[in-house]
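Student: Could we go through the pockets of this protein together? I'd like to learn how to describe them step by step.

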Amino acid sequence: MSSAPALNAKRASLAIFALAVGGFAIGTTEFAIMGLLQEMVTDLGISVPAGGHVISAYALGVVIGAPVLAALGARMPRKKLAVGLMMVFAVGNLSSFFAPDYHWLLVSRFVSGLPHGAFFGVAAVIAASLVAPTRRARAISMVMLGLSIANVVGVPFATWLGQQAGWRWMFVLVGLIGLLTVILMVRFVPHQATLPGASIRRELGALRRVQVWLALLVGTVGFGGFFAVYAYISPTMTHVAGFDTGLLPLIVGLYGLGNVVGNIAGGRLADRNVMGSIYGILAGTVLILASYAWLVQYKAGALALVFLVGTIGSMLVPPLQTRLLDVSPDAQSLASSLTHSALNMANALGALLGGLVIAWGWGYRSPAIVGAVLALMGLGIALFSGLLDRKGQREPAGADAAHTRPVPGKSPVR
């Protein structure tokens with residue numbers, strides 16, 4: 001990994017803060033539109049399913065944009081790439097405000113989603129390069145903290161603003177935060193020279209590595225268990241736990257608070273042991289989701305489990321992001337960006353499977369069982385990945401000895 005010029009702790013913190021503000025903007029626009037769906041479809045004169053396509057267009061932009069933009073930006077200095085991505089994000093959101101019709105809005109949301117994964121990917125690489133190797137995951141978790149805080153502060157405020165001033169004003173708010181992020185990054189993020197030999201071909205070379213695909217599978221399958229529950233949290237809280245709909249904002253806020261706690265804890269755990277933390281978090285996810293299926297019928301248990309689901313879900317992101325940096329040392333921007341493609345596919349997978357068991361008449365508690373099974377499968381994939389690491393370490397010394405020798409604080413690269 002190329003490193004930035006040596007920074008003191010204050011300058012490094014300011015640079016990471018600038019990147020986290022971008023995460024806050026992205027998290028706000030990704031989730032606030034869900035709370036303004038009814039206002040949007042009424043104003044545009046479209047059906048609710050058509051309004052859902054606006055949400056899907058953003059997610060599709062994330063999945064496509066993460067690998068494509070990260071690869072195309074391989075030869076760009078990382079700071080310049082991050083600034084450019086955030087400019088596209090800001091313009092896409094401001095364009096959504098001015099959208100005269102449904103189709104314009106659909107395209108604008110797709111464009112807004114394109115920089116999402118690539119920005120988080122390059123931001124994670126930059127943040128990790130600004131600190132000591134033993135604090136990489138913690139630095140990455142601080143960037144992702146912006147996304148977690150968005151669920152607690154940004155999304156509720158943007159939803160309120162959209163309800164009071166009109167749903168389009170949410171996009172203005174997010175666009176302005178995006179422009180603020182650009183200013184902060186220009187001011188505080190240090191220049192980082194392009195890696196020698198960087199190219200689209202070398203970035204795409206990461207996709208030839210088994211360990212990269214295994215890490216992405218862990219994210220898609222293991223994190224899919226979390227989304228199987230979260231996608232149906234509102235009807236579960238009202239129909240099973242018996243809460244009044246007026247309490248849903250507070251319940252979702254409790255989940256967001258769990259996100260913040262889990263994100264910080266996940267970074268600290270990953271700095272101690274990347275793969276060990278992935279094993280432990282996935283095992284914990286299995287237990288928590290299985291308990292959710294049983295305890296959600298009791299109000300106190302439901303509130304406790306909502307917080308724990310938010311916590312355990314966000315804990316997985318920092319170690320998974322760090323793992324992808326470790327297994328793709330010469331293509332870190334692409335591999336790190338693909339984390340967010342995997343998480344969006346996890347969202348689709350979890351919501352789909354959770355919806356199927358509800359449609360089959362198994363009840364609103366059944367998605368938690370599906371989630372526990374997915375998390376268990378994710379744990380199995382992670383254990384297999386770790387087994388390949390250990391097998392590589394036992395290979396006889398030779399031409400690849402330096403390549404397979406573990407580095408302190410890092411997972412072996414295969």
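Student: Which helices each supply at least two residues of the lining of the second largest pocket?
Tutor: Keep in mind that we are looking at a predicted model. The second largest pocket holds about 250 Å³ of space, and 13 residues line it. Those supplying at least two residues each are helix 1, helix 6 and helix 11.

Student: And which helix has the largest share of that lining?
Tutor: Good next step! Among the residues nearest the centre of this pocket are S13 and I16. The largest share of its lining is six residues, and they come from helix 1.

Student: How many residues of the lining of the second largest pocket are charged?
Tutor: Let's sort the lining by class. Nine of its residues are nonpolar and one is polar. The charged residues number three.

Student: Now the largest pocket: how much space lies in it?
Tutor: Here we turn to another pocket. The space in the largest pocket comes to about 1,100 Å³.

Student: Which residues are the closest to its centre?
Tutor: The lining of the largest pocket is made of 38 residues. Helix 1 (9–35) and helix 9 (210–230) are among the elements that give two or more residues to it. Closest to the centre are F31, I33, M34, G35 and Y230.

Student: Which helix gives the most to the lining of the largest pocket?
Tutor: By class, this lining has 26 nonpolar, ten polar and two charged residues. Several helices contribute two or more residues, including helix 6 (136–165) and helix 15 (332–359). With eight residues, the one that gives the most is helix 3.

Conventions:
Residues are numbered from 1 along each chain as its sequence is written. This is a predicted model: local features need pLDDT of at least 70, side-chain atom pairs count only at pLDDT 80 or more; totals for chains, interfaces and linings use all residues. Side-chain values use heavy atoms; hydrogens and water are left out. On a 1 Å grid over the protein atoms alone, a cavity is a set of points where a 1.4 Å probe fits but cannot get out, and a pocket is an open set with protein on both sides within 12 Å along at least five of seven lines; lining residues have an atom within 4 Å of a point. Grid points are joined across faces, edges and corners, and a volume is the space filled by probe spheres set on the points. Helices (H or I, at least four residues) and strands (E, at least two) are DSSP runs, numbered from the N terminus. Ala, Val, Leu, Ile, Met, Phe, Trp, Tyr, Cys and Pro count as nonpolar, Asp, Glu, Lys and Arg as charged, and the others, Gly among them, as polar.
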